[in-house]
Structure formats: structure tokens, C-alpha cells
Amino acid sequence: MDLLGYLLRKLSAGVYWLRSLRVRRGIESSLSVGLLPLALLSYLSLFLDFGPWAGDDSIYFESHTHSFCDNAKYLYLYVHNRRLYDKYFWVSFVDDDYEMLRKRGFPVVRASASLYLRAGTIVSSGTRALFELGKWTRFVSLWHGLPLKSIFWLNRNDDGLYGGALRRALYILSDPNLVSRNYYLLSPPSIFREVFRLAFNLDESKLLLGPYPRNYVFVGRLDGEEIDAYTPEDFPEDMRLVLYLPTYREYRFSMDVDEVLPLAEIDELCSRYDALFLVKTHFFEELSSAAGRYDRIVILDSSRDIYPLLRRVEILITDYSSVAFDFLYADRPILFYPYDFDEYVKYRAQYIDYNLLTPGPKARAPEELISKLRSLLEGDDEHRRARRIVRKLVWGDVSELEEKHFRELADKILRIAGGS
């Protein structure tokens with residue numbers, strides 16, 4: 001893998017998206033479990049039937065980040081906690097995660113090419129190109145966020161992470177309609193139903209309607225949710241928590257917090273109001289500087305799950321991230337900080353007016369951020385009604401979460417796994 005790493009670093013000079021260390025590590029990780037031969041064999045499986053390979057009735061859960069997190073994690077834990085199925089496993093790409101889950105008694109397997117070839121059902125928080133799977137595989141994408149930005153076939157920009165021609169080629173290879181197969185996608189029963197159908201080019205019958213499993217944190221607790229996650233207990237009880245969660249930018253792969261945030265002013269403000277300011281970047285991004293010299297600013301590990309922590313976060317600050325829609329269930333203030341809006345939309349166009357689905361104060365500059373944050377820390381929350389309206393709009397029939405919504409979703413996926 002040293003040679004591969006060297007080649008990827010050299011390629012990064014001409015291929016923009018390889019400049020991210022996380023992307024390069026992800027490629028190395030995928031190749032290390034044999035996904036190149038997997039791609040070849042699975043491509044052949046579009047035309048041939050490897051009969052002896054098919055028939056695995058286990059359900060394999062995986063995250064698009066290769067970490068133990070996101071929607072797949074919480075549905076896996078829900079099935080485990082409620083004892084809904086006998087054969088289910090978490091697919092681990094990381095040795096530490098594998099050992100941690102195994103020692104806790106959770107069903108876990110290591111990722112391998114043969115696993116993906118024989119799998120009957122895969123439940124993922126991302127998607128996979130069709131040539132990565134056997135043609136008999138039932139693939140359920142829980143996805144990882146309701147998009148404010150345009151995604152897949154709704155994204156008509158020719159600039160951005162991949163560029164026009166390569167982007168379209170990747171979309172074609174990932175298109176569920178390339179061949180006939182069992183590909184399903186989770187969508188809330190709301191306006192996003194049509195957004196997802198168009199973005200993924202899916203037939204209406206392939207949409208599963210229900211809540212995002214990760215939002216179970218607003219309903220109850222699941223044994224195992226604390227694994228590789230930040231929890232409310234990780235921070236002093238007497239501190240108010242403010243969480244900054246920016247999404248990634250396709251025109252950069254590193255974030256200099258000193259340039260984006262007025263750290264000295266934030267530190268002083270949080271000291272005055274007994275608060276901690278937590279910063280977690282998108283898992284694609286690397287932090288090019290740290291905030292260690294400030295007492296009230298904490299940089300979180302971007303690979304760890306933060307959803308259990310959302311129970312305690314008092315104020316969320318974000319920009320275009322789907323976490324804002326999830327945090328609507330908390331019914332607490334959201335401060336939007338789209339400081340680079342004009343540049344951002346050059347790469348990821350908005351298919352709906354940004355202001356319509358962002359129920360909270362907006363800050364476009366550092367001084368505005370401080371002013372708006374101070375008002376929220378003082379209890380000035382003018383957007384309660386707007387948050388509830390938007391929550392109903394984006395989550396539809398699951399805007400008031402109940403245990404039964406998660407059980408119904410799990411039952412739908414179990415029926416798919418059973419071939420019905």
C-alpha cells in the first residue's frame with residue numbers, strides 16, 4: 001500500500017478530489033479488501049449467474065464513511081436492541097471498530113470482496129455502483145442527509161468535485177436503472193420524496209418512506225450508540241454546549257478555523273455565558289489549524305459520531321448541512337452561517353430558495369456571527385414557529401417522531417431481506 005499511497009499523492013497534483021487525505025485513505029482501504037477483483041466479478045455478474053454465491057440471508061450494515069456511524073449504525077442497533085432478526089452484521093473496514101464491536105458482543109464481520117459478492121442484503125448509509133455488487137443483492141440505501149444542495153442527477157453544475165464529464169460518468173455507473181436490480185432508497189414521507197426520486201432516477205416503488213434511523217436519539221437510547229461517539233456525558237454538566245457543524249466545500253479540502261471563525265471573540269463570549277464551543281468538520285475535510293489556545297473552544301474528531309450529543313446541544317451552528325433538518329426535532333435554536341454562499345452555489349446549486357428551509361438567524365460575516373450568537377445565548381429565540389413549520393414540511397408524516405415509526409421502517413427492510 002506504500003506504493004499505492006505514493007501514486008495517489010502524485011495523482012493528487014492533477015486530480016483535485018485526491019488532495020484530501022481522507023479520500024486517499026478511503027481508496028487505499030477499499031483496495032485493501034479486494035474491491036478491484038470485486039468490481040470485475042460483480043460486473044460479470046450482470047450477465048452471468050453465480051448461483052452458488054447467491055442465497056446469503058444475512059443483512060449487512062455499512063456506513064459510507066467506513067466508521068461506526070450514521071443511519072446504518074442506528075438501524076443496526078435498533079434491530080439488535082429489539083431482537084428483530086437472527087442474522088445481521090456490521091461490516092467493518094477498520095480494525096479498531098471491529099475489535100470494539102466484537103468485545104461488546106455485537107455481530108460484526110470484516111469487509112471483504114467475497115462478502116459483497118455473496119451478500120443477499122446490504123443496508124448502507126451511502127450508495128454503491130452497480131458493478132460493486134452481485135446482481136442478486138438487495139441494496140437498501142438509507143442515505144445520509146436531506147439535501148439543501150443539489151445531488152446526483154439534480155446537480156447540473158459542471159464545476160465542482162469531479163468536473164462535468166467525470167461527474168456524469170460516475171452518475172451513470174451509480175444509476176440504479178443501469179440494469180434491473182433490487183435497489184431501494186429511504187426518503188421521508190414529505191416534499192423530499194420527489195427530490196430523492198429525481199436525484200437517484202428511481203421508480204416510485206423503490207422508495208421506502210420513513211424516518212432517518214439516526215434521529216432515534218430524539219426518541220430514546222439504544223445500547224451501543226455510545227460506541228465511537230460523543231455523548232452528553234463527555235462534557236461538564238455545568239457547561240452550555242454550542243456546536244458548529246459545517247458541511248464540506250467542493251472547492252477545498254481543508255478548513256482553517258482561524259479564517260472562518262472569530263475565535264478570540266467566540267472564546268470570550270462563551271466564557272461570559274458558561275458555554276463550550278464545539279467544532280466538528282465534515283469527515284472529508286482536514287483541519288489546517290487548531291484552536292488549542294482557547295479555553296472554551298474544542299475541536300472534535302471528525303470521524304466520530306455526534307448524534308447522541310445532539311440531545312444536549314443548546315445551539316447548533318451550520319451552513320448547508322442536513323444536520324439542521326435533524327436538529328429540528330430538538331426544537332432548539334439553529335444559527336446559519338453561510339459566509340461563502342455566492343461561491344458555494346457555483347459548485348452545488350440550490351434547487352430551492354435557501355431561506356425557505358433555514359428557520360433561524362443568518363450570519364454572513366464574523367461580526368454578524370458573534371452578534372447573532374450572543375442574542376441566542378441570552379435567550380432571544382424568534383424562530384420557534386418557523387422551525388415547527390419547516391419540520392412538518394421536510395419530515396411530513398414523521399415530523400412528530402414515535403417509536404412505531406422506527407419499527408415500521410425496520411419491518412419494511414426485514415421484508416425486503418426476506419425477499420418479499
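Which residues are buried in α4? In this predicted model, the buried residues of α4 are Asp-70, Asn-71, Ala-72, Lys-73, Tyr-74, Leu-75, Tyr-76, Leu-77, Tyr-78, Val-79 and His-80.

Helix α4 covers residues 70-82, which makes 13 residues. From first C-alpha to last, α4 reaches 19 Å, close to the 18 Å expected at 1.5 Å a residue. The helix is mostly covered, with 11 of its 13 residues buried. Among the elements that cover these buried residues are the strands β1 (59-62), β2 (88-92) and β4 (121-124), together with α15 (403-417). Asp-70 belongs to helix α4 and has a phi near 70°, a positive value in a residue other than glycine. With a relative accessible area of 12%, Asp-70 falls under the 20% limit and is therefore buried. Beyond the other end of the helix, α4 is followed by Arg-83, whose phi is also positive, near 50°.

When neighbours within four places in sequence are left aside, the contacts of Ser-63 are Cys-69, Trp-90 and Ser-125. His-66 is found in the loop between β1 and α4 as well. Although His-66 is not a glycine, its phi is positive, at about 70°. The relative accessible area of His-66 is 17%, which is under 20%, so this residue counts as buried.

Turning to the chain as a whole, the secondary structure comes to 15 helices and 14 strands. The chain has 420 residues, and 58% of them count as buried. Of the contacts between residues at least 6 apart in sequence, 71% join residues at least 24 apart.

A search of the whole structure finds 27 aromatic pairs. One of them joins Phe-196 and Phe-200, whose ring centres are 6.1 Å apart. The planes of these two rings stand at 40°, between the 30 and 60 degree limits, so the pair is tilted. Phe-196 counts as buried at 0% relative accessibility, and Phe-200 is buried too, with a relative accessible area of 3%. Tyr-212 and Trp-395 form another aromatic pair, this one edge-to-face, with 5.5 Å from centre to centre and 75° between the planes. Tyr-212 lies in the loop between β7 (207-209) and β8 (240-245), whereas Trp-395 lies in helix α14 (residues 384-395), so this pair ties together parts that are 183 residues apart in sequence. The relative accessible area of Tyr-212 is 0%, and the residue is buried; Trp-395 is likewise buried, with a value of 0%.

Phe-61, Phe-68, Tyr-76, Tyr-88, Trp-90 and Phe-106 form one aromatic cluster. Tyr-76 of this cluster is one of the buried residues of α4, and Trp-90 is in contact with Ser-63.

Arg-110 lies over the face of Tyr-98, at 3.9 Å from the ring centre. In a second example, the charged end of Arg-304 sits over the ring of Tyr-230, 4.0 Å from its centre.

Asp-381 counts as buried, at 14% relative accessibility. A polar atom of its side chain lies 3.3 Å from the backbone nitrogen of His-383. Leaving aside neighbours within four places in sequence, Asp-381 is in contact with Pro-333 and Arg-387. Asp-381 and Pro-333 are 48 residues apart along the chain, yet their C-alpha atoms are separated by 6.6 Å.

Definitions and conventions: Residues numbered from 1 in each chain as written. Predicted model: local features only at pLDDT ≥ 70, side-chain atom pairs only at ≥ 80, totals over all residues. Heavy atoms only, no water. Helix = DSSP H or I, 4+ residues; strand = E, 2+ residues; numbered from the N terminus. Buried < 20%, exposed > 50% of the residue type's maximum accessible area, 1.4 Å probe, protein only. Contact = heavy atoms within 4.5 Å. Phe/Tyr/Trp six-rings, centres within 6.5 Å; stacked < 30°, edge-to-face > 60°. Lys NZ or Arg CZ within 6 Å of the ring centre and 35° of its normal. Expected span 1.5 Å × (residues − 1). Polar contact = N/O pair within 3.5 Å; in protein donor to acceptor, adjacent residues only side chain to side chain.
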